[in-house]
Amino acid sequence: MEMVNAIGRRKASVARVYLTKGDGQILINGKTIAAYFPQANIQSSITDPFKVVEIENIYNVKVNVRGGGFKGQAEAVRMAISRALVKLNEDFKKPLRDRKFLTRDARVVERKKYGKPKARKSFQFSKR
């Protein structure tokens with residue numbers, strides 16, 4: 001196995017993940033996972049696919065991610081890692097699918113409409 005790559009998307013974020021054999025190092029845009037995502041809950045959500053299939057610290061992960069905020073980026077990375085693991089071993093598909101790591105969450109921000117201050121909010125209505 002030389003390298004497996006996959007793409008994950010969430011909101012406006014797109015993550016490209018490259019898996020190689022290694023010692024479990026995760027680099028996101030050239031930084032360590034702790035430097036790029038300082039929140040512990042975000043870090044754990046990114047490493048969840050490895051915990052689900054019980055193969056921690058076997059693969060090095062290199063990630064290029066752009067667009068969106070930190071939450072969307074983290075979920076895009078999680079989806080891309082899950083897809084790459086399924087490419088490695090088809091048996092990983094069922095546990096990852098059960099945790100919804102392979103499902104694209106298509107919810108995006110609704111666009112602002114003209115004549116309104118936000119997407120659905122209206123100005124105060126006065127009858128008289």
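## The D98–K94 pair in helix α4

In this predicted model, D98 and K94 are joined through their side chains by a salt bridge (a side-chain nitrogen of Lys or Arg within 4 Å of a carboxyl oxygen of Asp or Glu), with an N to O distance of 3.1 Å. Because D98 and K94 lie 4 residues apart in helix α4 (residues 93-98), about one helical turn separates them; helices (H or I, at least four residues) and strands (E, at least two) are DSSP runs, numbered from the N terminus. K94 has 56% relative accessibility and therefore counts as exposed, given that buried means under 20% relative accessible area, exposed over 50%, and partly exposed in between (1.4 Å probe, protein chains only).

The structure contains 7 salt bridges, and one of them connects E75 with R10, whose closest N and O atoms are 2.8 Å apart. This pair links distant parts of the chain, since E75 belongs to helix α3 (residues 70-88) and R10 to strand β1 (residues 4-10), 65 residues apart. E75 and R10 are both buried, and a network of salt bridges links R10, K71, E75, D105 and R107.

## The R120–E110 pair

A further salt bridge brings together the side chains of R120 and E110, at 3.0 Å from N to O. Both residues lie in the segment after α4, 10 residues apart. R120 is exposed at a relative accessible area of 66%, whereas E110, at 39%, is partly exposed.

## Basis of the values

Residues are numbered from 1 along each chain as its sequence is written, and side-chain values use heavy atoms, with hydrogens and water left out. As the model is predicted, local features need pLDDT of at least 70 and side-chain atom pairs count only at pLDDT 80 or more, while totals for chains, interfaces and linings use all residues.
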